[in-house]
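The entries below follow the order in which I went through them.

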Amino acid sequence: MKQIYLKRGKEDSMLRFHPWIFSGAIHHADEGIGDGDTVRVVSAEGKFLAVGHFQLGSIAVRVLTFKDVSIDEAFWFSRLASAYQLRQALGLHRPPENDTFRLVHGEGDMLPGLIIDVYGKTAVMQAHSVGMHLARKVIAEQLKAVMQEQLESVYYKSETTLPFMEPENGFLLGGSKDNIGIENGLKFRVDWLRGQKTGFFVDQRENRSLLEQFAHGRNVLNMFCYTGGFSVYAMRGGAKLVHSVDSSAKAIELTRDNVALNFPDDKRHEAFCEDAFKYLERDGESYDLIILDPPAFAKHRGALHNALKGYTRLNQKAFERIPAGGILFTFSCSQVVTKDNFRNAVFTAAALAKRKVRILHQLHQPADHPINIYHPEGEYLKGLVLYVE
């Protein structure tokens, strides 16, 4: 195994078990190391520090282990088994009530660069590093060995996460056409072929359940609805009316399909393909429960300022629209936006709208999206449930 040599004094983050090594910390490397290669990382004095995947770019090495071991079939089996055991302990894999969950969450499961979501008996795998892309077949095989009869197919979907490599999406194992996932007894059609991420936003499961508790007798507006998850939960919660809005015609189609799967011919629901800001600005139905779950406004630190302005503007529009006694669920999934950043943006929006607001709940990602304690960057989802007077 070829080696990466760090500059003197640059091993501190490794001693704190941070799973990333930045290119600026590297002194030199053995000849012939290529994108995705598995490498040993050593200090300037030659002391072993870690084993990981090398990749050209700012994050030069994503650490797989701080032990000097081979990255072989036994390694992948062990890591995947550990991840699956956690989900079983959390009670997430309990068909037929719930068969939709995140099995591997990158650094949170000590597998940086790898995402695996399970929908029924199909796992959808997504690589965010070249190393994980190159290991995709052995990972799929070991995942089958771990889950056995609970898994029939593994679909690989990395065209959008590794576009410079032009990887082909497709099945690594099996070939299931059953794309229905069940979440807390509700059915969702998962578009892992063309949908965003792995086809469904598993990370909002617990927040959708909380919304269900607030929905009874309310008029609900679900902005940036995507697959309509919040809308379906609101309907089961007894909402009087549910409107779903997204600028994507494909998202509106998915939302309508998912509502029909669970509540066929239910006249309480309507979906609108329209820009969120324009929809909030125009006069229309009065909503006393609004969900704001936009896509990431900032994907890098350089976009943080404009992102915070966007969150402020969006939440201000909602505060101006919602009546007294209304409930607002508002979220940010931008990793570079901290909890304090987001709260300040929402507070500013409330002040600009001249509304009294109280926090009922502070929301975050669920337990199947764990945060490695040595990698605080893994905490990306934050949300607030607000009572508006």
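**Entry 1: glutamine 335**

I looked up glutamine 335 and found it in the loop between β18 (326-332) and α10 (339-353). Helices here are DSSP runs of H or I with at least four residues, strands are runs of E with at least two, and both are numbered from the N terminus. I note that this is a predicted model, in which local features need pLDDT of at least 70, side-chain atom pairs count only at pLDDT 80 or more, and totals for chains, interfaces and linings use all residues. Residues are numbered from 1 along each chain as its sequence is written, and side-chain values use heavy atoms, with hydrogens and water left out.

The cut-offs are under 20% relative accessible area for buried, over 50% for exposed, and partly exposed in between, with a 1.4 Å probe and protein chains only. Contact means heavy atoms within 4.5 Å. With neighbours within four places in sequence left aside, glutamine 335 is in contact with Glu377, Gly378, Tyr380 and Lys382. I also took the C-alpha to C-alpha distance from glutamine 335 to isoleucine 182: 28 Å in space, for 153 residues in sequence.

**Entry 2: glycine 52**

Glycine 52 is in strand β5. With a relative accessible area of 0%, glycine 52 is buried. I asked which residues glycine 52 is in contact with, leaving aside its neighbours within four places in sequence. They are Asp37, Thr38, Val39, Val61, Arg62, Val63 and Leu64. Isoleucine 21 is 31 residues from glycine 52 in sequence and 9.4 Å from it in space, C-alpha to C-alpha.

**Entry 3: helix α2 and what follows**

Helix α2 covers residues 73-89. Its 17 residues reach 24 Å from first C-alpha to last, close to the 24 Å expected at 1.5 Å a residue. The expected span is 1.5 Å times one less than the number of residues. I listed the buried residues of α2 as Phe75, Trp76, Arg79, Leu80, Ala81, Ala83, Tyr84 and Arg87. An α-helix has 3.6 residues a turn, so residues three or four places apart point the same way. What covers the buried residues of α2 includes strands β5 (48-54), β6 (59-65), β7 (100-105) and β8 (114-119), along with helices α3 (130-134) and α4 (136-147).

After α2 comes glycine 91, with a positive phi near 75°. Proline 96 sits in the loop between α2 and β7. The peptide bond joining proline 95 and proline 96 is cis, with omega about 5°.

**Entry 4: helix α4**

I then turned to α4, one of the elements covering α2. α4 has 12 residues and reaches 16 Å between its first and last C-alpha, close to the 16 Å expected at 1.5 Å a residue. Its buried residues are Ile139, Ala140, Gln142, Leu143, Val146 and Met147. Glutamine 148 follows α4 and has a positive phi, near 50°.

Most residues other than glycine have a negative phi, and most peptide bonds are trans. Phenylalanine 224 is not a glycine, yet its phi is positive, about 55°. Phenylalanine 224 lies in the loop between β14 (219-223) and α6, and is buried at a relative accessible area of 18%. Aspartate 265 is not a glycine either and has a positive phi of about 60°. It is in the loop between α7 (249-262) and β16 (269-273). Aspartate 265 is exposed, with a relative accessible area of 70%.

**Entry 5: α5 against α6**

At what angle do α5 and α6 pack? Helix α5 (residues 205-214) and helix α6 (residues 229-236) pack at about 35°, and their axes are 8 Å apart. Axes are lines fitted to C-alpha atoms, for helices over the stretch in contact, and angles run from 0 to 180 degrees between N-to-C directions. From α5 the contact uses Arg205, Asn207, Arg208, Ser209, Leu211 and Glu212, and from α6 it uses Gly229, Phe230, Tyr233, Ala234 and Arg236.

**Entry 6: cysteines**

I counted zero disulfides, a disulfide being a pair of cysteine sulfur atoms within 2.5 Å. The sulfur of cysteine 273 is 9.0 Å from the closest cysteine sulfur, in cysteine 225, which is too far for a bond. For cysteine 333 the closest cysteine sulfur is also in cysteine 225, at 15 Å, too far for a bond.
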